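Subject: Handing over a structure

Hi,

Here is the structure I promised to pass on to you. Please have a look at it first, and then read my notes below.

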Amino acid sequence: MSSRYDVWYRVHVQDKGWMGWTKDGAVAGTTGLGKRVEAVQVTLVAKGASAPGPTGDASETGQAAQPSVSYRAHVQNIGWQGWFKDGKTAGTTGMGLAVEALDVRLSGVNGAVEISSHVQDYGWQGYVQTSDGSISGTTGRSKRVEAIRARLTGEAAQTYDLWYRVHVQNLGWLGWAKAGDTTSDGVIAGTTGLGLRVEAVQFSLTAKGSTAPGDVNRPYVSAPTITYQTHVQNIGWQGWVNSGAVAGTTGRGLRVEALRVKRAEGTGVGQTGEVQLSAHVQGIGWQGWKSEGAIAGTERQSRRVEAIRLRLTGSMAQTCDVWYRVHVEKLGWMGWTRNGGYAGTSGCSARVEAVQIQVRPKGASAPGPTWRSFTNDPGLFMADADMYYRAQHYGSRTNWLLMVNYGACRVGVFTRSGSGWRLYDYFMCSDGGPGTPTIHGVFSVGAKGYSFSGGDHTCYYYTQIYGDYLFHSVLYRRGTNAILDGRLGMHISQGCVRLNINKAKWIHDNIPTGSTIVVYN
């Protein structure tokens, strides 16, 4: 047979197609390239006759390409960078620039990488296979990638592990995460709920079951969700509520007596620390910091909570702010404060009726207005509230302001607080009778003296309002310490403002000359 015929043959090879014809024992196909033969053709022709087709490239010998992963990043202000592979860094570090999109591909093995990105304002996108021309993330929208996850398909999922890690704003390199397959999601790498950008990525392809390229601790960090409950007068413990919800009551006049706060189960992945709470309690003052889940305040003692503070510890304090506000009797909702700030009142005998708490990314804006989250100014709770608000419209050359409500027979002493006035003291007086009313208007503290006498009486510790109109003590028997007329809360004087001798002395000793005095009805 061999003297009369030639046997010709060719093979169809993976990724190459039909190769050239060859004959009589020569190699058809490839060696060293890891390529499979997928089809064969064989024919006999007369000895020395022409080949049945092209004979070029019937065989190829070489070294098989090693399976690898290649990837590139679309970076803020830069655009698409070049390709990187097998553990090299795509993106930037130390430049404050966000990765906005990714393109990841395999070579040297059947299969592909599918990527899902968590994108600013959008959340999790679906998985995409970027080797078919898609991208994971966005371009042209200035949206940061905050986290990624990946999975493998095809033969690659059976024989290899894909590892990846991300460099995150403020946190640096996180731990390595491993891709899933078409039946499972990969481990999350990055952060969610913290508003932090991914700045760089690394991918690595390893043999199935081999060790990770590096530390696998903490590949993913998420924001904690806070849950809390209040113990309310006549109700007891209410149910737990989540971040931002109202715990307590409004419009019912019921005091909060105790609180508990803790991190919601399954939140704050990759975070250390806890949320701690302190309460300012009627008759007790500020309690110490209570650990997560412990009671701040009191039970079965009928004591009102008057103010609260919250703080985060551990890594949570580095990545998040805890914001909170309280609803206070007569004032309603006060401003939001954060991270150990005071919320509520002290020295005002005012009850907290409800609270709101939420955790936000570090440095994010407040959930609402922050004005007056706390006060120790009892003037806000005066029965004579008009005096307090009227006082805020006046100035003074000193840090003191005296208000006299002629109709109510009351004197208010105010001290400067920021750009307004804080009530320092409020007490009863007697002022001018119907025929000799106290002068009304705006005046300044003038002359002072120890005493003056007239007829059968002596008055002590006088402070001039205007002309002969004075603050001074009630009437004492002339030249003695025996009270002649100690009545207060009445219109009975000759126009001066009579006070308890201790109050008259305090004004004499402490209110500087030039301080504003307002007398009104």
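Y450, Y460, Y461 and Y476 come together as one aromatic cluster. Rings of Phe, Tyr and Trp (its six-membered ring) are taken as a pair if their centres lie within 6.5 Å; planes under 30 degrees apart are called stacked, over 60 edge-to-face, and the rest tilted. Before you go further, please note that this is a predicted model: local features need pLDDT of at least 70, side-chain atom pairs count only at pLDDT 80 or more, and totals for chains, interfaces and linings use all residues. Residues are numbered from 1 along each chain as its sequence is written, and side-chain values use heavy atoms, with hydrogens and water left out.

The structure has 14 aromatic pairs. One of them is W286 with Y342, a tilted pair with 5.1 Å from centre to centre and 35 degrees between the planes. W286 belongs to strand β30 (residues 285–286) and Y342 to the loop between β35 (337–338) and β36 (343–345), so this pair links parts that are 56 residues apart in sequence. Strands here are DSSP runs (E, at least two residues), numbered from the N terminus. W286 is partly exposed at 29% relative accessibility, and Y342 is partly exposed at 38%. For these words, buried means under 20% relative accessible area, exposed over 50%, and partly exposed in between (1.4 Å probe, protein chains only).

Y460 is in strand β45 (residues 457–466) and Y476 in strand β47 (residues 475–477), so parts 16 residues apart in sequence are tied together. Both Y460 and Y476 are buried.

W286 also has a charge over its ring: the charged end of R309 sits there, 4.7 Å from the ring centre. Likewise, the charged end of K262 sits over the ring of W240, 4.4 Å from its centre. The rule asks for NZ of Lys or CZ of Arg within 6 Å of the ring centre and within 35 degrees of the ring normal.

What about the cysteines? With a disulfide defined as a pair of cysteine sulfur atoms within 2.5 Å, the count is zero. C496 is in no disulfide, and the nearest cysteine sulfur, that of C459, is 7.5 Å away. C496 is buried, with a relative accessible area of 12%.

Happy exploring!

Methods:
Helices (H or I, at least four residues) and strands (E, at least two) are DSSP runs, numbered from the N terminus.
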